[in-house]
Amino acid sequence: MSESGSEDVDNESSKIGQYEGERNELGQRHGAGKAQLPNGDIYQGQYQDGTRHGEGTYYFKNGARYIGDYRQNKKHGQGTFYYPDGSKYEGSWENDQRHGHGVYTYPNGDKYDGEWLEHMRHGQGVYHYRETGSRYEGSWVKGNMKSSGEYVHSTHRYKGSFTNNGPKGPGTYVFDIGFEQHGEHIIVEQDRAEEESGELPFTSDLKWIPKTLVGVMPSKTSADEKEAPPAEEGR
């Protein structure tokens, strides 16, 4: 989910590109203006003392677009970035990076709403899975689910510890029908590298070891009496 395109620094001293707009007494770009860079990118917005500063829109030749705040040629403040693959980030920026609170919508419709640090999911956040309607709520460290978190599904939820984008260790399944199953997740095949697009697949290669059952079990038929409670695998 990295940005595509480049934002060449448009310094007046470079004497490159075309500019139409206001200038200050020193001849620097200052106020409202429009610049076309040699690589085909276009910026239209506010300048201050020769740098992009204030509100503006930057059009990349590859179709990407940024609309928002700038400070000394860098995205800084609030802004929305539209990526060529159809994804979108709307939120806080600092020194050209996603930083602070923001919402990222991925090409497949998944959405992350939470904190960012230097372009990575970091802090508290919620990841919504469009295909299933489920979501993860909890802690993130450098782009990955980590520490305490919760998977929320249509009929139950899982609360426990997470690491490398999946549950690991002790946890609890809470079912809407009125009981809890305590146990432990054991990773069978550990491969939690983030996909190139930044979207997070469900963790599926886990083994759930049930230990105790708390609450009232739903009534069963005689054929079901010998069956164990359903063992979930992080979904």
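## Close-up views of the predicted model

**View 1. The side chain of H30 reaches the backbone of D49.** A polar atom of the H30 side chain lies 3.0 Å from the backbone nitrogen of D49. The model shown here and in the other views is predicted. H30 belongs to strand β2, which covers residues 29-36.

**View 2. The surroundings of H30 include Y47, Q48 and D49.** H30 and Y47 are 17 residues apart along the chain, yet their C-alpha atoms are separated by 4.6 Å. Leaving aside residues up to four places away in sequence, H30 touches Y19, E22, R23, N24, Y47, Q48 and D49. D49 is also the residue whose backbone nitrogen lies 3.0 Å from a polar side-chain atom of H30.

**View 3. The largest nonpolar core has 30 residues.** Six members touch the most other members: Y58, F81, Y127, Y136, M145 and Y151. Several strands give two or more residues to this core, among them β3 (42-48), β5 (65-71), β7 (88-94) and β9 (111-117).

**View 4. Y136 and Y151 form an edge-to-face pair.** The whole structure holds 31 aromatic pairs. In this one, the ring centres are 5.9 Å apart and the planes meet at 75 degrees, so the pair of Y136 and Y151 is edge-to-face. The cut-off for that class is over 60 degrees. The pair links distant parts of the chain: Y136 sits in strand β11 and Y151 in strand β12, 15 residues apart. Y136 and Y151 are both buried. Both are also among the core residues that touch the most other members.

**View 5. F175 and F179 form a stacked pair.** The two rings lie 4.8 Å apart, centre to centre. Their planes are 20 degrees apart. F175 has 9% relative accessibility and therefore counts as buried. F179 is at 4%, so F179 counts as buried as well.

**View 6. R98 lies over the face of Y89.** The distance from R98 to the centre of the Y89 ring is 5.8 Å.

**View 7. The charged end of R121 sits over the ring of Y112.** Here the charged end of R121 is 5.9 Å from the centre of the Y112 ring.

Note on methods: Residues are numbered from 1 along each chain as its sequence is written. This is a predicted model: local features need pLDDT of at least 70, side-chain atom pairs count only at pLDDT 80 or more; totals for chains, interfaces and linings use all residues. Side-chain values use heavy atoms; hydrogens and water are left out. Helices (H or I, at least four residues) and strands (E, at least two) are DSSP runs, numbered from the N terminus. Contact means heavy atoms within 4.5 Å. A polar contact is a pair of N or O atoms within 3.5 Å; within protein, one must be able to donate a hydrogen and the other to accept it, and residues adjacent in sequence count only if both atoms are side-chain atoms. A nonpolar core is a set of buried Ala, Val, Leu, Ile, Met, Phe, Trp, Tyr and Cys residues joined through side-chain atoms within 4.5 Å. Buried means under 20% relative accessible area, exposed over 50%, partly exposed in between (1.4 Å probe, protein chains only). Rings of Phe, Tyr and Trp (its six-membered ring) pair if their centres lie within 6.5 Å; planes under 30 degrees apart count as stacked, over 60 as edge-to-face and the rest as tilted. A charge sits over a ring if NZ of Lys or CZ of Arg is within 6 Å of the ring centre and within 35 degrees of the ring normal.
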